[in-house]
Amino acid sequence: MQTDALAGLAPAKVNLYLHVTGRRADGYHLLDSLVVFADIGDRVAVEPLAEGRLRLEIGGPFAAALDGDIGDNLVLRAARALRDAAGRAELGAAIRLDKNLPVTAGLGGGSADAAAALRLLRRLWSLDLGNAVLKDIALGLGADVPVCLDSQPRHMTGIGEVVTPVRGEAVLADMGIVLVNPRQGLPTPAVFRALAGRFGAAQPLSELPADAADVVAALAARRNDLQSPAIELCPVIGEIIETLGATDGVLLARMSGSGATCFGLCADRTAARSAALHLRGARPDWWVAGGGLWQGREEP
Ligand code: C5P
């Protein structure tokens, strides 16, 4: 990469709980969810390219899962949308995506990649576009992209587009998270279909207790309503949750998003890393990663 290249992390999104409370006339589901970001993610790098050319190169352990539809990749759609909004067709970029996260995995990877591309390209191209404009562009790309622009703990309602800061989020800063995926993709629409209208009650948690043990208790009293339908489609998820729950240092085990990735919440990142090490040894067929919660330290 040249010296004028910019790079940043596209952190994995984790739903600490996810309630599905109803369905709109257009088929989209109403949600109540607490979302956090892990310091585990894809990596996006951008550098200038002449004459309005946009190029995307994908590498990393899960690159093969994205083969075939590069032109339609959300990262390129983000680049085009940003350029259009700025009215600057002459701007070009070479974009490199290191796909470290499993895809169709309940981690919002594609949305995180698009958000990282928007942040990085705004800087690379020195665009005078405010955060509100960037959010609008993000929303045009997908309901999850705006929340990924912030990559901070957020309470989410509506169909995922109503996003508010979480009071008392500082308690999360020291906690750790371990992510486990069975290397099986699980398409979101199929999981919502399998839910088949079994909606649950909202239990909004927009203010966190000051003590980590109370946070875990508050989360344990909540659910991921997509977990049972996901297990019906992909039974190994049940095994992952059981295994995570029995792992030293894991305080809470649950599925994220529409799966199949599950998370274990730990007291700190050291506990999460040693849980990950143990799980990787026990189940080399699973994708396992451990770390802390993303604090936005590495602002690109
Ligand atoms: O937002 P995303 O593109 O990941 O959504 C994929 C699919 O998941 C949608 O097409 C829809 O079938 C389902 N979905 C839903 N309600 C939501 C979000 C997603 O039914 N709030």
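Predicted model: local features only at pLDDT ≥ 70, side-chain atom pairs only at ≥ 80, totals over all residues.
**Notes on the active site, ligand shell and domain contact**

1. Let's start with Asp144, which sits in the loop between α3 (131–141) and α4 (145–150). Helices here are DSSP runs of H or I, at least four residues long, strands are runs of E, at least two, and both are numbered from the N terminus. Residue numbers run from 1 along each chain as its sequence is written.

2. Asp144 is buried, because 23 other C-beta atoms lie within 10 Å (the cut-off is 20 or more for buried, 12 or fewer for exposed, partly exposed in between, with C-beta atoms placed from the backbone). Setting aside neighbours within four places in sequence, Asp144 is in contact with Lys13, Gly108, Ser111 and Gly160; contact means C-beta atoms, placed from the backbone, within 7 Å.

3. UniProt, in an unreviewed entry, lists Lys13 and Asp144 under "active site". The two are spread over 132 residues of sequence, yet they cluster in space, with a largest C-alpha distance of 9.4 Å. Keep in mind that such annotations may be inferred rather than shown by experiment; the positions follow the numbering used here and feature names are shortened.

4. Lys13 belongs to strand β1 (residues 6–23). Lys13 is buried too, with 27 other C-beta atoms within 10 Å. Beyond four places in sequence, the residues Lys13 touches include Val35, Phe37, Leu107 and Asp144.

5. Now the ligand. Among the residues around it are Tyr28, His29, Asp144, Gly160 and Phe192, where near means a C-beta atom, placed from the backbone, within 6 Å. β2 (29–49) and α5 (188–195) each supply at least two shell residues, and α5 gives the most, with 3. The shell has 6 nonpolar, 4 polar and 1 charged residues. (Ala, Val, Leu, Ile, Met, Phe, Trp, Tyr, Cys and Pro count as nonpolar, Asp, Glu, Lys and Arg as charged, the others, Gly among them, as polar.)

6. The protein splits into domain 1 (6–164) and domain 2 (167–292), with bounds from an automatic or database domain assignment. Each of them gives at least three residues to the ligand shell. Their centres, taken over C-alpha atoms, are 22 Å apart.

7. Where the domains meet, 27 residues of domain 1 are in contact with 37 of domain 2. On the domain 1 side, β1 provides the largest share, 10 residues. That side divides into 15 nonpolar, 10 polar and 2 charged residues.

Conventions:
Contact = placed C-beta atoms within 7 Å.
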